[in-house]
Number of protein chains: 2
Amino acid sequence: MESVSFPPLSRVAVCGGTHGNEMTGVYMVRHLQKEKIDKIGSVSVSTVLTNPRAVEICRRYVETDLNRCFTEALLNSPVTDSSPYELRRAQELNAQIGPKGSKEAMDLIIDIHNTTSNMGLCFIFYSIDWFTLHILKYLQSKMASVEVRAIQLDIPIAEAYSLESVGKHGFAIEAGPQPNGVVRADIHNMVKEAVDHIFSWLQEFNSGSTFEGGEVEAYTLVKSIDYPRNPVTGEITAAIHSQLQDNDFKLLQRGNPIFMSFSGETVKYDGEDLYPFFVNECAYYEKKIAFHLARKIKLTLPPIKVTG
Amino acid sequence: MESVSFPPLSRVAVCGGTHGNEMTGVYMVRHLQKEKIDKIGSVSVSTVLTNPRAVEICRRYVETDLNRCFTEALLNSPVTDSSPYELRRAQELNAQIGPKGSKEAMDLIIDIHNTTSNMGLCFIFYSIDWFTLHILKYLQSKMASVEVRAIQLDIPIAEAYSLESVGKHGFAIEAGPQPNGVVRADIHNMVKEAVDHIFSWLQEFNSGSTFEGGEVEAYTLVKSIDYPRNPVTGEITAAIHSQLQDNDFKLLQRGNPIFMSFSGETVKYDGEDLYPFFVNECAYYEKKIAFHLARKIKLTLPPIKVTG
């Protein structure tokens with residue numbers, strides 16, 4: 001493939017606390033702010049604690065999930081003092097690090113999340129973006145002890161609902177497993193190492209290095225599976241089966257156990273072979289999702305370099 | 001030691017949801033209630049979802065920690081509609097499965113908790129109680145794949161603050177690691193197996209078997225250690241070190257790493273050799289406890305049997 005040129009990525013936002021009980025991003029942003037780090041080499045860095053009220057009470061959100069508020073429709077809807085806090089905050093953030101779709105928007109937004117699922121280090125991104133995929137490929141080559149994966153959500157940018165969609169480029173980092181409200185050093189170190197490598201990549205890119213093309217793997221969402229529930233009360237009647245628990249990204253095949261009911265019965269999978277992820281994610285109980293299922297795809301990248 | 005006789009244990013309460021986001025007890029109680037299980041052999045069983053409002057919103061508590069409300073002083077304090085919900089609920093529970101210190105109280109109360117710490121299956125009890133220790137010894141002999149441990153809190157029964165202190169006998173079961181708001185099949189199965197064995201023990205005891213005396217180990221609390229904090233803001237500035245994380249009940253010695261600051265510095269332990277537990281328990285961030293330290297003790301049990 002022919003090489004593609006892009007302007008430098010000189011304004012980057014590192015965000016945490018979009019979900020107030022996902023502590024890796026919260027502590028990373030607080031530490032960067034305490035150290036007054038606002039420039040790394042050629043890159044100016046904005047650090048943003050995105051949902052401070054949710055962080056204060058250590059909950060995912062106060063009134064509504066902030067990370068579903070960044071669609072163009074919601075960002076442009078009229079708000080009053082009685083609008084949900086997170087909707088107002090989304091518009092503030094859009095003014096601060098966007099506006100979404102404008103030339104004033106940050107060149108790159110990285111939003112740090114945690115999951116109770118065993119997803120290791122995982123990028124989540126919307127449309128295919130050479131920067132995200134080149135950074136992914138770079139991390140895969142640099143972080144030998146961690147399998148770095150990526151999930152592509154096939155949603156048009158106007159409907160993209162999460163914070164990183166406000167930037168010219170952007171992705172979320174999911175890191176787990178980590179309980180809500182807890183900070184684990186292993187997860188913290190993994191994310192810190194990833195962020196350090198991302199800034200190294202940005203320096204190399206901005207200073208004129210060419211990054212060779214190639215192939216990367218990604219996962220695309222096919223469908224979501226809910227827990228078995230009591231049809232009257234709606235209460236869940238089964239847990240994720242031990243053979244599926246902690247096995248995110250391991251191929252799920254017809255006949256594999258997926259749930260174990262509280263009375264001891266096993267529920268088996270009955271569908272096409274797919275890859276589970278967000279297995280037993282805490283916040284998805286209320287969204288009626290026990291796990292997602294994905295297809296694995298290969299993406300071919302062109303070489304990229306900065307415009308000369 | 002000479003054998004000791006006790007009346008049968010015929011009225012037992014199995015409780016869950018004292019902390020509304022600790023899901024093993026919640027789902028176990030709901031399942032027993034759905035199956036209408038109110039008698040197991042010679043034992044009448046009460047199943048109690050103890051903090052239903054906290055369960056509904058999936059939080060530890062609504063207004064105050066229910067599991068600190070069962071001191072004699074709080075149980076006997078006047079309450080009004082404006083008293084904290086959990087204080088009123090504690091008095092309701094005391095009427096239902098107590099009253100504490102009375103002959104009407106349940107013979108045995110088992111309260112099921114979860115922790116984000118890697119504590120496996122752990123009993124927590126107050127004063128030395130032959131029933132608790134015999135049941136502990138029995139579980140240790142029956143559950144080969146799990147190390148069953150016990151923590152003794154050295155608190156007089158009048159000042160004992162947690163639900164199980166309302167029964168004639170009682171203990172909490174702590175099971176982990178499990179994130180708040182999540183149910184894991186491995187933890188659920190471990191606790192279910194323990195509860196099944198406890199009811200087997202009760203059948204054997206009530207039917208006249210003699211349980212031989214012997215020795216059991218327990219841990220007694222020595223002190224608690226807080227996270228390093230920013231002296232101005234109070235925010236924590238370090239995570240539990242990876243070498244301590246998940247190593248509950250492994251001897252901590254002078255010079256072992258205990259914290260890793262977010263800027264990468266290691267903090268080492270500087271005290272007498274003790275056993276850490278509740279390492280990185282989510283709910284203890286607000287209580288300013290990073291982990292507890294315990295001393296290991298040996299307790300000698302007499303043989304016990306039912307009064308003839």
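The model is predicted; local features need pLDDT of at least 70, side-chain atom pairs count only at pLDDT 80 or more, and totals for chains, interfaces and linings use all residues. Residues are numbered from 1 along each chain as its sequence is written, chains are lettered from A and ligands numbered from 1 in the order in which they are written, and side-chain values use heavy atoms, with hydrogens and water left out.

Chain A contains six helices and 15 strands. Helices (H or I, at least four residues) and strands (E, at least two) are DSSP runs, numbered from the N terminus. The radius of gyration of chain A, 20 Å, is close to the 19 Å that the globule rule gives for 308 residues, so the chain is as compact as a globular protein of that length. This radius is taken over C-alpha atoms, and the globule rule is 2.2 Å times the number of residues to the power 0.38. Along the principal axes, the C-alpha atoms of chain A fill a box of roughly 65 × 50 × 35 Å.

Of the 308 residues of chain A, 57% count as buried. Buried means under 20% relative accessible area, exposed means over 50%, and partly exposed lies in between (1.4 Å probe, protein chains only). Chain A exposes about 12300 Å², and carbon and sulfur atoms supply 49% of this area. Accessible areas come from the Shrake-Rupley method with a 1.4 Å probe; for residues, only the protein chains shown count as cover.

The pairing of the chains was examined next. Chain A can be laid on chain B by a turn of 180 degrees and a shift of 0.0 Å along the axis, with an RMSD of 0.0 Å. The two copies are thus related as by a two-fold rotation axis. In chain A, the C-alpha of Pro179(A) is nearest the axis, at 2.3 Å. Copies are superposed by least squares on the C-alpha atoms of residues with pLDDT of at least 70 in both. Of the interface residues of chain A, 100% are also interface residues in chain B, so the copies meet through the same surface.

Ile135(A) lies in helix H5 (residues 130-142) of chain A. Ile135(A) is buried, with a relative accessible area of 0%. Neighbours within four places in sequence aside, Ile135(A) is in contact with Leu108(A), Phe123(A), Phe171(A), Ile198(A) and Trp201(A). Leu87(A) is 48 residues from Ile135(A) along the chain, and their C-alpha atoms are separated by 31 Å.

Most residues other than glycine have a negative phi, and most peptide bonds are trans. The bond from Gly98(A) to Pro99(A) is cis, with omega near -5 degrees. Pro99(A) sits in the loop between helix H4 (85-97) and strand S5 (108-114) of chain A. In chain B, a cis peptide bond joins Gly98(B) and Pro99(B), with omega about -10 degrees.

Lys36(A) is not a glycine, but has a positive phi of about 55 degrees. Its place is the loop between helix H1 (23-34) and strand S3 (39-40) of chain A. Lys36(A) counts as exposed, at 69% relative accessibility. Lys288(B) has a positive phi of about 60 degrees, and is partly exposed, with a relative accessible area of 47%.

Terms used: Contact = heavy atoms within 4.5 Å.
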